[in-house]
Amino acid sequence: MRSAATLGGGATSLGAVGTGPARRRWAVVREEASETRSWLYRLVAVVLALAIAAAYLVASVHVPDVLGLVLRTTFATQPGLQELVVLATPFFLTALAVQVPLRVGLWNIGGEGQFFAGAWLATAFAFALPHAPGALLIVGMLLAGAAGGALWVTIPMLAKTFLNVNEIITTLMLNLVVVSWVAYWLTGPWRYASSQGGTIESRFLPVQSHLPLVHLAGGLDSGLLVAVGLTAAVGAVVRYSVLGYRSRVVGSGRDVAAYAGVSVRRTVALSLLVGGALAGVGGVLQLAGNSYQLTPGLSNNTGYLGIAMAVLAGGSVVGVIVMSCLLAVIMSAGQVVQIYGVSSQDVFILIGLLLLMATVAEVVAHYRVVRQPAGGGAAVTAAPGDLGR
Amino acid sequence: MHTFELYFAAAILAGTPLLLAATGELLAETVGLLNIGIEGLMLMGAVTGVVVTLHTGDPELGLLCGALAGAAYLLVFYALPVIGLGTDQVLPGFGVWFVGLGLSQLIGNSYQNTTVPAQSTVVGLPGLDRIPVVKELVGQYPWPVYLAFVLPFALAWMLGHTRHGRNLRAIGEDPEAASSGAGIGVRRWRTVYVGVNGLLGGLAGAMLAVVVVGEWGTDVTAGRGFIALAVVIFSGWRPMRCIVGAYVFGGLLILADLGGALAWPVPSDFLDMMPYVGAVAILIAWAAQSRGRGAAPSALGARLKRAG
């Protein structure tokens with residue numbers, strides 16, 4: 001990377017050739033980016049990544065007006081909109097599952113595994129009490145989901161708090177463990193006897209455990225209400241509670257936390273457990289609100305998508321909602337074009353591009369081209385201050 | 001006895017991609033760069049290796065192209081943002097992982113489950129390949145196995161005993177001092193070793209798909225890139241200890257095959273978990289034993305501060 005001075009120097013010649021009185025110069029300075037500015041640049045990043053995806057789509061799928069088709073199917077039809085809501089529901093929770101620990105400076109990459117652990121424990125609960133009344137089953141499954149998700153992150157949490165073991169690797173490894181764990185139950189004890197061919201899936205959940213439909217806009221499942229409620233609750237806790245304050249303090253640095261008398265260990269532990277529990281509830285919502293049986297494809301990579309959403313949302317809970325809805329649109333578009341032979345794995349390219357562009361945007365947001373009076377080296381020398389943070 | 005020999009040889013073979021990837025990652029981490037996207041890197045190497053091998057019929061060319069593709073991929077998707085623009089290191093790492101996951105599938109889709117016809121050159125170690133038992137254990141492997149085994153020794157010597165190695169460690173410990181104090185080209189060497197990381201990670205992926213598995217399949221790496229990260233941490237950033245870690249995980253990766261062959265009364269799904277459970281266990285055990293005072297380069301993962 002070039003220093004601010006050389007960047008400024010490079011831009012100066014441009015400025016001199018271009019506009020304005022010859023006495024004025026252009027310079028690039030680095031400064032703290034405001035919240036709005038960071039947001040703006042992240043949005044530009046999202047738009048750029050989407051533009052790349054759209055360009056690829058148009059080039060690879062030989063259907064006239066494919067973009068229009070995708071947009072019409074998604075937004076202008078009732079099933080399209082409903083599908084959008086179904087898709088967005090678990091996104092809120094897996095995004096929060098990453099965002100809550102990220103506030104404290106931890107990467108929870110295990111959302112996928114916690115999602116399945118929650119769904120698994122909820123399935124176990126429902127199969128254990130197949131004749132219980134619906135309300136009891138649903139509440140019990142949601143609690144089981146939270147417990148399962150939290151349980152699945154317990155080992156990485158303990159390893160992090162007591163031994164400072166890198167949580168990225170441990171949480172990710174447990175995602176891979178859960179794949180085999182679920183496969184064991186789906187091919188063994190919970191196997192659905194009448195499943196077609198080699199399909200691996202569990203028996204169906206008792207009917208009364210299905211999340212009831214709430215009749216808004218034709219048929220939203222009540223899972224969305226749970227997801228939005230939990231998102232709002234997390235937003236409130238983060239903003240107004242002591243817990244939220246503590247996580248902000250720890251997030252701004254271990255030394256700061258020690259100085260402020262905040263227990264780093266307890267805050268780290270709690271944020272990971274809450275993250276795991278949220279992802280687990282996400283698994284239950286998908287299970288009891290959409291598929292009604294445990295399958296290996298239950299998450300459809302929702303846990304991994306949560307990483308991208310959390311990063312793009314920054315520290316904001318509103319951002320999580322915005323990004324979840326946006327990603328739901330992308331995913332639903334992906335489902336539309338899958339008919340035309342675009343694989344669902346392709347969405348990972350988009351996630352990757354989003355993450356790369358977001359991180360580049362974050363750097364770019366710190367730079368600003370300013371005009372300064374001729375000979376005023378002041379801004380340039382003042383700029384480098386804390387370059388690279 | 002025969003089962004043991006087969007298992008041992010298969011473990012070495014399965015451990016070799018881990019060893020190559022871990023060695024490359026160790027070099028990048030030595031100069032302070034934490035690339036958590038090895039998984040995506042290996043996938044790009046794997047798909048390139050298989051596609052080239054299927055089109056040319058030459059597995060050696062496939063391995064070479066896999067390595068080169070890995071280097072090119074990592075330089076564009078990791079070195080460019082991290083070294084070129086000064087972004088943080090975790091997010092581009094995720095980017096490398098996810099783009100690799102999606103892009104490799106996109107490229108490999110039409111080659112799905114097409115078996116690679118020719119095998120890579122198996123090298124018999126002169127002398128050893130005549131002795132029974134010994135021949136099966138150590139004497140007959142495709143050439144990348146020997147390369148992967150020898151490389152850590154060479155690197156340990158380089159890092160410990162040469163001026164260049166000491167410079168690299170200085171970059172990883174304190175890039176500012178290395179740059180301004182000792183006049184070492186921090187960004188140049190970091191770029192070079194990201195390239196080397198890419199070469200070895202790409203070769204690891206190509207070796208896995210072309211030689212070990214023999215075909216391209218979705219997500220053929222199945223978390224091996226992250227296991228390689230665990231191997232690096234377990235090694236304490238000492239190249240030769242990567243050898244032990246990689247072969248142990250190689251053994252865990254094929255445990256389900258052994259269990260099947262010996263008809264163990266354990267569901268294979270539980271054996272499939274073992275490499276990942278093992279990775280978590282080994283990280284915890286290592287941290288408990290070293291009490292967190294690892295030999296990690298001090299500037300690992302830190303953004304490069306720039307002189308004004």
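# A walk through the two chains

Start by selecting helix α2 (residues 38-56) of chain B together with α10(B): these two pack at an angle of about 130°, with 7 Å between their axes. The axes here are lines fitted to C-alpha atoms, for helices over the stretch in contact, and angles run from 0 to 180 degrees between N-to-C directions. The helices themselves (H or I, at least four residues), like the strands (E, at least two), are DSSP runs numbered from the N terminus.

Before going on, a word on what is loaded: it's a predicted model, where local features need pLDDT of at least 70 and side-chain atom pairs count only at pLDDT 80 or more, while totals for chains, interfaces and linings use all residues. Residues are numbered from 1 along each chain as its sequence is written, and chains are lettered from A, ligands numbered from 1, in the order in which they are written.

**Still on chain B: α2 and α10**

At that angle, α2(B) and α10(B) are therefore oblique to each other. Oblique is what is left once angles under 35 degrees are called roughly parallel, over 145 roughly antiparallel and 65 to 115 roughly perpendicular. The crossing of α2(B) and α10(B) is right-handed; that term applies if the near helix is turned clockwise from the far one by less than a right angle, with anticlockwise being left-handed.

Now show side chains. Ile38(B), Glu39(B), Leu41(B) and Met42(B) from α2(B) meet Arg224(B), Gly225(B), Phe226(B), Ala228(B) and Leu229(B) from α10(B). By class, that contact has 6 nonpolar, 1 polar and 2 charged residues. Nonpolar covers Ala, Val, Leu, Ile, Met, Phe, Trp, Tyr, Cys and Pro, charged covers Asp, Glu, Lys and Arg, and the others, Gly among them, are polar. Contact between two residues takes C-beta atoms, placed from the backbone, within 7 Å.

Then step into the loop between α9 and α10 of chain B and pick Asp219(B). Its phi is near 55°, a positive value in a residue other than glycine. Most residues other than glycine have a negative phi. Asp219(B) has 14 other C-beta atoms within 10 Å and is partly exposed; the cut-offs are 20 or more such atoms for buried, 12 or fewer for exposed, and partly exposed in between, again with C-beta atoms placed from the backbone.

**Where the chains touch**

Colour by chain and look at the contact, which takes 46 residues from chain B and 46 residues from chain A. On the chain B side, the elements giving two or more residues are α3 (59-85), α4 (90-108), α10 (224-235) and α13 (268-290). That side splits into 29 nonpolar, 11 polar and 6 charged residues.

**Over to chain A**

Chain A has 16 helices and 4 strands, and buried residues make up 47% of its 389 residues.

Select α5 (residues 111-128) and zoom in on Gln114(A). Is Gln114(A) buried or exposed? Gln114(A) is buried, because 37 other C-beta atoms lie within 10 Å. Beyond its neighbours within four places in sequence, Gln114(A) is in contact with Ala97(A), Gly149(A), Trp152(A), Val153(A), Gly276(A), Ala279(A) and Gly280(A).

Next, bring up α2 (residues 35-60) and α15 (residues 347-364) of chain A, whose axes come within 8 Å and cross at roughly 145°. This crossing is right-handed as well. Among the residues meeting here are Val46(A) and Ala49(A) in α2(A) and Leu354(A) in α15(A). The contact divides into 16 nonpolar, 1 polar and 2 charged residues.

Keep Leu354(A) selected. Leaving aside its neighbours within four places in sequence, Leu354(A) is in contact with Val46(A), Ala49(A), Ala308(A) and Leu312(A).

For a last stop, go to Asn164(A), in the loop between α7 (154-163) and α8 (167-187) of chain A. Asn164(A) has a positive phi of about 55° although it is not a glycine. With 13 C-beta neighbours inside 10 Å, Asn164(A) counts as partly exposed.
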